[in-house]
Amino acid sequence: MPATRVEASRIVTIGSLIAAGVAALCYLVYSVRAVEPVDFLVYRYAAQAFAAGSNIYESNLVGPLIVDEGMPFTYTPFAVIFLWPTVLFDWWTAYLLWSALCIAAVVWTVAKFTPARVPKRPLVMAALVLAVSVTPIVSAHISFGQVNLVLMVLVLLDVTRRGDSRFGRWFPRGLLIGVAAAIKLTPALFIVYFVVTKQWRLAIWSSIGFAAATAVAAMVDPAVSWTFWSDVVWNLSDRVDLSGQAIASAGNSSLQGGLAALGTWTASLAMPLTVLCAAVALWVARDVHRVGRGVDAALVIGLSAPILSPISWIHHWVYLVPAAVTVLFRLRSPLQFGAAAVGLAVVYCGPSMGQQFIETSPLLLPLGLVLREGFLIVTLVLILALWRLPTTAPEWVTGRDSEDGADDGSEDDKAPDSAGNQGPSCIGAGFRTRSSGDR
C-alpha cells in the first residue's frame with residue numbers, strides 16, 4: 001500500500017476512535033451518570049488527607065457529595081500516591097479528566113484487540129467503542145469514577161508489548177503488572193499465574209514492581225503503610241460489609257455472591273468452591289499458555305479474578321471488554337453468533353433487571369436468575385471460548401477461509417493481531433449503594 005494511503009488510513013482510524021471516545025465520554029458523563037462519582041471522590045479525599053499527613057485508615061473519609069458518615073479507603077498506600085493527581089484541579093474538572101482517561105483505556109483496548117484485517121476497521125472499532133461504553137460495566141465505572149479500567153490497561157500493556165523495544169529495555173515486562181498490584185491487590189493473581197506457568201522473568205519483574213511501589217509508599221509515610229499492611233489488609237471485614245445481606249446483593253456477581261444469594265446454607269461451600277475455581281482457572285490459563293497463546297491466557301486470569309473475589313460489583317468485570325472483542329472475531333457459525341447475541345443481551349440487561357424479575361413473578365424466576373448472575377455466566381462462557389475456539393480469524397474477517405486452528409503465516413489474520421493473540425515473541429521463552437464499602 002502506498003505511503004500516502006497508509007497515512008490517510010491512519011488518520012481516519014485515529015479520527016474515528018477519537019470521535020467515538022468523545023461521544024461516549026459526553027454521553028456517560030452528562031446523560032446517564034446516575035449518582036455522584038463517590039469512588040472518585042473517595043480517591044480524591046484520601047489523596048488530600050494523605051498529603052496533609054493524616055492516617056487515611058484510622059477512620060472513614062468525609063467530604064461533600066458522599067454520605068455523612070463517610071466512606072472507608074481500602075486500597076493500598078501506594079494507591080494514594082498514584083491517585084494524587086486527582087487533587088490538582090477542582091473536583092469536577094478532575095473527574096472529567098479521570099473519566100477521559102478511562103474512556104481512553106476503552107478505546108485503546110478495542111483498538112488493540114481488533115484484528116488488523118477486519119473490513120472497514122475504523123468504522124468497526126468506532127462502533128465497538130460506543131457499544132462497549134454503554135454497557136453496564138463501563139457506564140457504572142464512569143458513574144462511580146472507578147480505577148479498574150486503568151489497572152487493566154497497565155496489565156494488558158505488559159502482556160502484549162515486546163520486551164526488546166526501547167520502552168521494554170528501560171521498563172522490563174512485568175513491572176507494570178507489579179505496579180497495578182501495588183495499587184489494588186487483585187492483579188497479584190497474575191503473579192501467581194506467572195509462577196504456575198514458569199514465566200520466571202515476568203514473575204520476578206512483576207514482584208519487583210510490586211515491592212518497589214510498596215517501598216516508595218512506605219518511605220513517604222511509614223506509619224500509614226504499617227497500618228495498612230499490619231492491620232487493614234487482614235481485617236477488611238471491619239471496613240467492608242461482607243455479611244450475608246451485602247455479599248448476596250444483586251450487584252455482587254462473584255461466585256461467593258451467587259452462593260450467598262441462594263441462602264446462608266451455602267456459607268460452608270464458599271471457600272472450598274472458590275479454591276477449586278482458582279485451581280481450575282490457573283489450569284486452563286496454563287493450558288492456553290502452553291500452546292503459545294500468552295495473551296489469551298492472561299485474559300483467562302483477568303476474567304477469573306472477579307469470580308474469585310468475595311465482592312465483584314458490575315464495574316469490576318472490565319476484562320469482559322477485551323475478551324468479548326477477541327472472541328467476537330473468532331466466531332464462525334450461526335449458532336456461535338446466536339450465543340454471542342444472547343450473552344450480549346444478558347450483559348446489557350444486567351443483574352438489577354434480573355432481581356426485578358425475581359421479585360415480580362415466579363414465572364420470571366428462571367430468566368431473573370440468569371440475568372442476576374449473568375456476568376458470572378457470561379464470564380465462564382468467555383473463558384471456555386478463549387480456551388477452545390480456533391484462534392485464526394474466519395472468512396468474514398480475512399476475506400478467505402482458513403482451517404480451524406491453522407496458521408497460514410499471516411500475522412494480520414490473527415485475532416487480535418500479532419501482539420494481541422500470541423503475545424510477544426519472548427512469551428514462549430448490580431447496583432451498589434453509596435454506603436457500599438468495597439470499591
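In this predicted model, the backbone oxygen of Val132 lies 2.6 Å from a polar atom of the Thr135 side chain, where a polar contact is a pair of N or O atoms within 3.5 Å, within protein one able to donate a hydrogen and the other to accept it, and residues adjacent in sequence counting only if both atoms are side-chain atoms. Thr135 belongs to the loop between helix 5 (121-133) and helix 6 (136-144), helices being DSSP runs of H or I with at least four residues, and strands runs of E with at least two, numbered from the N terminus. With a relative accessible area of 9%, Thr135 is buried; buried means under 20%, exposed over 50% and partly exposed in between, with a 1.4 Å probe and protein chains only.

Residues are numbered from 1 along each chain as its sequence is written, and side-chain values use heavy atoms, with hydrogens and water left out. Because the model is predicted, local features need pLDDT of at least 70 and side-chain atom pairs count only at pLDDT 80 or more, while totals for chains, interfaces and linings use all residues.

Taken as a whole, the chain has 22 helices and zero strands, and 52% of its 439 residues are buried. Its accessible surface, from the Shrake-Rupley method with a 1.4 Å probe, comes to about 19,500 Å², of which 68% belongs to carbon and sulfur atoms.

Helix 17 (residues 320-328) is mostly covered, with seven of its nine residues buried, among them Leu320, Pro322 and Val327. The cover over these buried residues includes helix 4 (91-113), helix 5, helix 6, helix 7 (148-160), helix 16 and helix 20, with contact meaning heavy atoms within 4.5 Å.

Helix 15 has buried residues that include Ala270, Thr274, Asp287 and His289, and their cover includes helix 10 (189-196), helix 14, helix 16 (294-308) and helix 20 (374-388). Just after helix 15, Gly292 takes a positive phi of about 90 degrees.

Helix 15 (residues 267-290) also gives the most, four residues, to a nonpolar patch, which is formed on the surface by Leu262, Trp265, Leu269, Leu273, Leu276 and Val280, with about 590 Å² of accessible area together. Patches are made of residues with over 30% relative accessible area and no salt bridge, like charges being joined within 9 Å and nonpolar side chains (Val, Leu, Ile, Met, Phe, Trp, Tyr) within 5 Å; a salt bridge is a side-chain nitrogen of Lys or Arg within 4 Å of a carboxyl oxygen of Asp or Glu. Leu262, found in helix 14 (residues 255-262), is exposed, with a relative accessible area of 55%.
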